[in-house]
Amino acid sequence: MTSELDRSAAVEKGAVEKSAQEKSAADPAAGRGFPGAGLVKGLATTFKTMTRPAHTVQYPDQPPELPPRTRGVIALVEENCTVCMLCARECPDWCIYIDSHKETVPAPPGGGRDRTRNVLDRFAIDFSLCMYCGICIEVCPFDALEWSPEFEYAEFDIKDLLHEKDRLREWFFTVPAPVALDPGAEEPKEIAAAQKAADKQLAAQKAAEIVALADAGTDGEAEGEG
Amino acid sequence: MGGAAHWWLEVVLRLVVILGFFLVVPLLVGQMEHKAMAHMQGRLGPMEAGGFHGWAQLIADGVKFAQKEAVVPADADRTVFQLAPAVALLPYLVALVVVPIGPGTQVGVALDLGLFFVLAVMGVGVLGTLMGGWASANKYSLLGGIRTAAQLMAYELPMLLSAASVGMAAGTLSLSGIVDKWQWWWLPWQLIGAFVFFVSGLAELQRPPFDMPVADSEIIFGAYTEYTGLRFAFFLLAEYAGIVLLCLLTTVLFLGGWHGPFSAHLGWLWTVLKTLVLSFVVIWLRVSYPRLREDQLMRFAWTALIPLALAQLAITGVVRVL
């Protein structure tokens, strides 16, 4: 009653902001209604929840629905690795171990000199240290590292969490295809650039065609006249 | 000679049925609590034990409790400590003997003072908790025990007053007599009494939202803190047996017991059905409401329930005289 009076007084004064404040202050009391309405509401909420399906998943029997880009484990494509060591150096807790040696590639028959290249001997990630920040994956210039959604690699001994490159390779086969862009999203740079080039080419081609057609037209007209 | 044998057989049979009821229905309510509570919280509850929706979960729990070591604290009062779970559990079994399930002879012992007997015996059940709290030599147990005692004092009075109202309405203290006299219009007539009886029964059983004596965030698990193994399981079983007895009593006193369609043949089914629905309400309340604070608990009993119970008594008296 008093809050209503206050509200009307405030409206009369023309203090719109104040009336809004008063209204919001009076609302909780107004929403409560008759005594015990809140208690009934509580019962209704729990009952409604009971009639709806559960939020939980029976995990071992039913695989979880993981979101795309799940950070499960880090996978490696050995062939893409050039032993540049960027990942090992950027790793905040130094859990990547890389060993390599240099091999000499003999000069091609046409002449030139011998080249050296790095050969990967060992690539291991200690997942007992890894904090799943993903910096190694971001920093890799040749996409040799990827996130895999695989997560079932618990071990009984913490030492067994150090995984070598063959295991990391196995995980690579579980890496899903890149997620489709959201509808209306900006195109990736590469595609936009390629599209621009293609458009340019198409426009040039069209212009050439028009020119050719115009030429043919004038030719025909000339023929007709002639 | 033959008559005596027949009589003994009947007594044994009745007791076996009551014991079976006492052992099965509380487990049923416990399982219902597991599942209903889980679904009310958006979970599934036990799903593994027994295969189909975890139906054997409580049996598995019982086996687990039986395997555990029964520890008695060094400073505990050994005899009282070991006796307490039995004191908590057995009164509910004894009370069950006089509660009628169906019309006529479907009752363990038809006692003329049934209502008086049941309420007296139910009060003894709380004594087990008090004993456990005192004998454990643990400050949390003691606090829990004292809270239990305070709660018993506060809530026993409205419970007795509302039960007295039904006794007054029926003009008898025999439970079968009360149900026999029951008419549908008793439902609105005794509505306040039913509310007071049910709520103070919940408080006496220390069920949420009146579970201050076992408030785990304050006093671990109250009087049961030091209990392990089977003794602990007995306390838990006592809680569920208490729920069953409270719901059964509410059914018999306020909801007309076996009255319902086909009550001549299926009377007992109506009693059990009403009891289970009330048990569901007990679980529902537990899931929906937070725990009352100790002072709120006391204020609710003394300023709300007791005046309501007295008002119900007055209403009953006025209607009876008219």
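The expected span of a helix is taken as 1.5 Å times one less than its number of residues. In this predicted model, helix α8 of chain B covers residues 191-204, so its 14 residues should span 20 Å, and the 20 Å between its end C-alpha atoms agrees with that value. Beyond the helix comes Q206(B), which has a positive phi, near 60 degrees.

Of the 14 residues of α8(B), 12 are buried, so that the helix is mostly covered. The buried residues include I192(B), V196(B), F197(B), F198(B) and E204(B). Among the elements of chain B that cover them are α4 (114-135), α5 (139-170), α10, α11 and α12 (294-321).

Helix α10 (residues 229-254) and helix α11 (residues 263-288) of chain B meet at an angle of about 120 degrees, and their axes lie 8 Å apart. The angle therefore makes α10(B) oblique to α11(B). The crossing of α10(B) past α11(B) is right-handed. From α10(B), the contact draws on I243(B), V244(B), C247(B), L248(B), T250(B) and T251(B); α11(B) supplies T271(B), K274(B), T275(B), L278(B), S279(B) and V282(B). By class, the residues of this contact comprise 6 nonpolar, 5 polar and 1 charged.

Helix α11(B) also takes part in the contact between the chains. Chain B contributes 12 residues to that contact and chain A 9 residues. On the side of chain B that touches chain A, the elements giving two or more residues are α1 (2-40) and α11. This side of chain B has 7 nonpolar, 4 polar and 1 charged residues.

Methods: Residues are numbered from 1 along each chain as its sequence is written. Chains are lettered from A and ligands numbered from 1 in the order in which they are written. This is a predicted model: local features need pLDDT of at least 70, side-chain atom pairs count only at pLDDT 80 or more; totals for chains, interfaces and linings use all residues. Axes are lines fitted to C-alpha atoms, for helices over the stretch in contact, and angles run from 0 to 180 degrees between N-to-C directions. Helices (H or I, at least four residues) and strands (E, at least two) are DSSP runs, numbered from the N terminus. Angles under 35 degrees count as roughly parallel, over 145 as roughly antiparallel, 65 to 115 as roughly perpendicular and the rest as oblique. A crossing is left-handed if the near helix is turned anticlockwise from the far one by less than a right angle, and right-handed if clockwise. Two residues are in contact if their C-beta atoms, placed from the backbone, lie within 7 Å. Ala, Val, Leu, Ile, Met, Phe, Trp, Tyr, Cys and Pro count as nonpolar, Asp, Glu, Lys and Arg as charged, and the others, Gly among them, as polar. A residue is buried if 20 or more other C-beta atoms lie within 10 Å of its own, exposed if 12 or fewer, and partly exposed in between; C-beta atoms are placed from the backbone.
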